[in-house]
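Please walk me through this protein model, with care over how each term is defined.

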Amino acid sequence: MIRNSLRISIGALAASCVLAVPATAATWVDTDKISNSRNLQMQVDVDSINYKKNWIYFLQRVKNLEDMEAYKPYNVGINCSKGVLAEIFPNASEETQFRRNDKWFMDFANGNNPSDVISIEIKADDDKYREKTYSLICKKYKR
């Protein structure tokens, strides 16, 4: 009798461990919809969120809504107090956006004179527009 109850307890414990494994998988939340002709959705892994000083880092990916394929995630950092969003891609390139007066800009330095900076506004219908991502992270996860 004791052996049977022990087997049942061990079996239940093993089953609960197996069922708990998927709970540790990434939790992807939809953010910005990419507006061009492709049917793509930006997603944030809220389980990957971590903090370093004034920055919030997390993984972001693009998901194709037609075939439900998700592309390789990449790192993103947001500084809510300074209004900065930096996307860090696997090939070590980085795209940084700045929020000024509730609008988004990308700054480009002149190759001949780095102090000469040109700011280009990112419109709401542009693929690079990340207002929903920024708002989600800063409203829910800012310390």
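## Rings, a disulfide and a loop

Arg61 lies over the face of Trp28, at 4.0 Å from the ring centre, where a charge is taken to sit over a ring if NZ of Lys or CZ of Arg is within 6 Å of the ring centre and within 35 degrees of the ring normal. Lys52 is placed over the face of Tyr57 in turn, at 5.6 Å from the centre of that ring. The model is a predicted one, in which local features need pLDDT of at least 70 and side-chain atom pairs count only at pLDDT 80 or more, whereas totals for chains, interfaces and linings use all residues. Residues are numbered from 1 along each chain as its sequence is written, and side-chain values use heavy atoms, with hydrogens and water left out.

The protein chain contains two helices and eight strands, these being DSSP runs numbered from the N terminus (H or I of at least four residues for helices, E of at least two for strands). Along the sequence their pattern reads α-β-β-β-β-β-β-β-β-α. Of the 143 residues in the protein chain, 31% are buried, a word that stands for under 20% relative accessible area, while exposed stands for over 50% and partly exposed for what lies in between (1.4 Å probe, protein chains only). Among the contacts in the protein chain with a separation of 6 or more, 33% are accounted for by residues 24 or more positions apart, contact meaning heavy atoms within 4.5 Å.

The structure also holds three aromatic pairs, where rings of Phe, Tyr and Trp (its six-membered ring) pair if their centres lie within 6.5 Å, and planes under 30 degrees apart count as stacked, over 60 as edge-to-face and the rest as tilted. In one of them, the ring centres of Trp55 and Tyr57 are 6.1 Å apart and the planes stand at 25°, so this pair is stacked. Trp55 has a relative accessibility of 24% and therefore counts as partly exposed, and Tyr57, at 25%, counts as partly exposed. Another of the pairs is formed by Tyr74 and Phe89, whose ring centres are 4.8 Å apart and whose planes are at 40°, so the pair is tilted. This pair links distant parts of the chain, since Tyr74 belongs to strand 4 and Phe89 to the loop between strand 5 (84-88) and strand 6 (94-100), 15 residues apart. Tyr74 counts as buried because its relative accessibility is 8%, whereas Phe89, with a relative accessible area of 23%, is partly exposed.

What joins Cys80 to Cys138? The link is a disulfide with an S to S distance of 2.0 Å, and the count by the rule used here (a pair of cysteine sulfur atoms within 2.5 Å) comes to one disulfide. The torsion about the S-S bond of Cys80 and Cys138 is about -95°, so the disulfide is left-handed. Cys80 lies in the loop between strand 4 and strand 5, and Cys138 in helix 2 (residues 131-141), so the pair ties together parts that are 58 residues apart in sequence. Both Cys80 and Cys138 are buried.

The loop between strand 3 (55-64) and strand 4 (74-79) contains Glu69, which is partly exposed at a relative accessible area of 39%. Leaving aside residues up to four places away in sequence, Glu69 touches Val62, Lys63 and Asn64.
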